[in-house]
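Visitor: I would like to learn how to read a structure with two chains. Please take me through it step by step.

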Amino acid sequence: MAAPVRSTADQPTSSVQNLTIGKALNLGLRAAMEADDKVLVLGEDVGKLGGVFRITDGLQKDFGEQRVLDTPLAESGIIGTAVGLAVRGFRPVCEIQFEGFIFPGFDQISSQLAKLHYRTQGGIKVPVVIRVPYGGGIGAVEHHSESPESLFAHIAGLKVVSCANPVDAYWMIQQAIRCDDPVLFFEPKRLYHSGALKAPVDTAAEPDPLFASRTVRQGSTATLVAYGPSVKVCLDAATAAAEDDLSLEVIDLRTLSPLDLEPVFESVRRTGRLITVSEAPSESSITSEIAARVQQECFYSLESPVLRVTGFDTPYPPSKLEEHYLPDLDRVLHAVDRALAW
Amino acid sequence: MEELRMVRLLDADGGAVEDDRYPMPPPEVLVDAYRALVRGKRLNEQASALVRQGRLAVYPSSRGQEACQVTAAAVLRPGDWLFPTYRDTVAVVERGVDPVEVLTLLRGDWHCGYDPSRHRVAPQATPLATQLLHAVGAAHAATLRGEDTVVLALCGDGATSEGDFHEALNFAAVFAAPVVFLVQNNKYAISVPLARQSVAPSLAHKGIGYGMPGVLVDGNDTAALTAVLGEAVTRAAGGGGPTLVEADTYRIDAHTNADDASRYRTDDEVAAWARRDPLVRLRAYLRGLAVLDDEREAEFTAAAEADAARLRAALADDRPPEPAELFAHVRATPTPQLAAQAASLRAELAAERRQPEEER
Ligand SMILES: Cc1ncc(C[n+]2csc(CCOP(=O)(O)OP(=O)(O)O)c2C)c(N)n1
Ligand SMILES: [Mg+2]
């Protein structure tokens, strides 16, 4: 393989930069590629175009076509070849263009990628990262706005994470790439370029561990648990509730499989009330799993049932109906009211 | 590997070209095709304008590919079926579906705005190549039902890389299904050029690999497309099995309005293909035959304008769909869970109506 090309672009003078989630992912990928020349990026349109969301912008120019590959248009092909590359020592980062198009690769993910380590009694490691832009609210046609993360969290052998802010975007993608297990990396696409979420990212800082959830706002009245795009919804709800003297705690799960629920249990033992929020349909989902585990661990602390604010159990609707489908601030606050009125 | 000789009946200037394999279609068929091209081109322009005006969410234009679009519809008989993609609005319209109904998808009102069974047009497929297997199944159903129905399925060059494409070709060949695959090779899959999809001498070769005729045709030559697709449909209807047709064409517009094509191709390349415009070529030929005069052309233009005006008017009325539609068709039989969820949304909307906006 060709020697890694060191990037000379955008050399900041300080280690702190104000970034969107999209730009943080781009810089995180860049840092991972600089740190390890076995890291490859592959997917549809990831080269010259920089991906349809520009997350891989400039990577092919700086690291070459050997390391940033525009593949033929086939998701099973992308993931299957990534498995083979990983078996031979590479660390492929696959981009799936939209979550709705991951399914031609589902067999490779669930039957191959997830099981190879187990089948070989640990003999083969498959450190593949699959980046998946997900979630709704972008006014798109069908198959561009779904939240299929629970399907992957259900598969033993995979790790599933989702970032919700630029700092995590920058660090989590690098940590996922360093992880020896396959990681499904879900990215909240409607927030990619959100100026409102721009935040200072210190590229010299010590990051939090990857498979750990985090309390992002402290409160005492009720606990909101969310991940990805729904974290912002919960934080906005908590801000609005504060005006009514309601103190809501917000936990960003960050890791969906394995779940890190200790911080949630600890919080629920204090607040006695839990609302889980996600855009995915509720039946047999991550939010169901949390509800089950919390009632098991915190039964005597609960003052109301665990409530779920989620997408409906329907296919993702056409864009003109998505505002009715997506959990929003009002729906979260309504659930808080219900929990408090129990 | 042996190259396939491309079928071409009209050169770029509209001059007739002899091809020992295919006869020139009769003038009246081509005059009607020209009418359709004028209408299709106008529809592409109008829909693109409607995106800029915020009336459509997105429009994948078939500008430059109008010959493929209109011919795919024209060669089908009333009982035949068409399996289109997101890019094939013009083909679906030419098949007889109201443009307003077709654009329901791209407007964000519903996932399919027409009745597939009535028009014998499957819903436009977004997940690439999935529709090709459905087309094979529908074609095999015709065999089982003893009908002479033919199915024509559309896809792009990029979609030929998907596994479903290959499975569809193989199933079709093994079942000897009455299906015609038309690959519109417009040279790009968003930004990815053909060379990144396939290094075969042509995409038509893939048909040969699966044991069916593979035909490479000039995709901007309406006469050649009419001859090639017409023959493939006739053969399928007569029990002769499937055909893969590759149309050599070009996507003149960006992938969609959201795409910036300047990132991956040059203006010169686009300009060279613009000179091979399917309308210019067919018009010159028909004018030369003296079967197309100013009056006919004015008639076609006026009809296309009337269509465009009707579309503008219809899309100006942007009443949102009913929220209850969210739940109405998830399963053939409604479930209690969904009824409860529908009721919760109704209650939420009723409460919002009771509360004036500023209080929320
Ligand atoms: C299974 C799947 N993967 C990815 C996409 C995203 N996508 C939409 S169109 C497109 C390019 C398709 O190219 P081609 O088949 O050549 O058709 P064209 O758009 O050129 O008509 C891609 C990658 C998709 N729709 N479906
Ligand atoms: Mg194409």
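**Where the chains touch**

Guide: In this predicted model, 35 residues of chain B are in contact with 28 residues of chain A; contact means that C-beta atoms, placed from the backbone, lie within 7 Å.

Visitor: Which helix of chain B gives the most to the side of chain B that touches chain A?

Guide: Helix 15 of chain B does, with four residues. Helices (H or I, at least four residues) and strands (E, at least two) are DSSP runs, numbered from the N terminus. Residues are numbered from 1 along each chain as its sequence is written, and chains are lettered from A in the order in which they are written. Local features need pLDDT of at least 70, and side-chain atom pairs 80 or more, while totals for chains, interfaces and linings use all residues.

Visitor: How do strands form a sheet, and what is the order of the strands in chain A?

Guide: Strands of a sheet pair through backbone hydrogen bonds, either parallel or antiparallel. Here two strands count as paired if DSSP finds at least two bridges between them. Chain A has an open sheet of seven strands in the order 3-2-4-5-7-6-12, with mixed pairing.

Visitor: Why is one side of strand 3 and of strand 12 of chain A left without a neighbour in the sheet?

Guide: Strand 3 (68-70) and strand 12 (255-257) of chain A stand at the edges, so each has a single partner strand.

Visitor: In which sense do strand 6 and strand 12 of chain A pair?

Guide: Strand 6 (residues 159-162) of chain A pairs with strand 12 of chain A in the antiparallel sense, over two bridges. The bridge partner of A:V160 in strand 12 of chain A is A:S257.

Note on methods
Contact = placed C-beta atoms within 7 Å.
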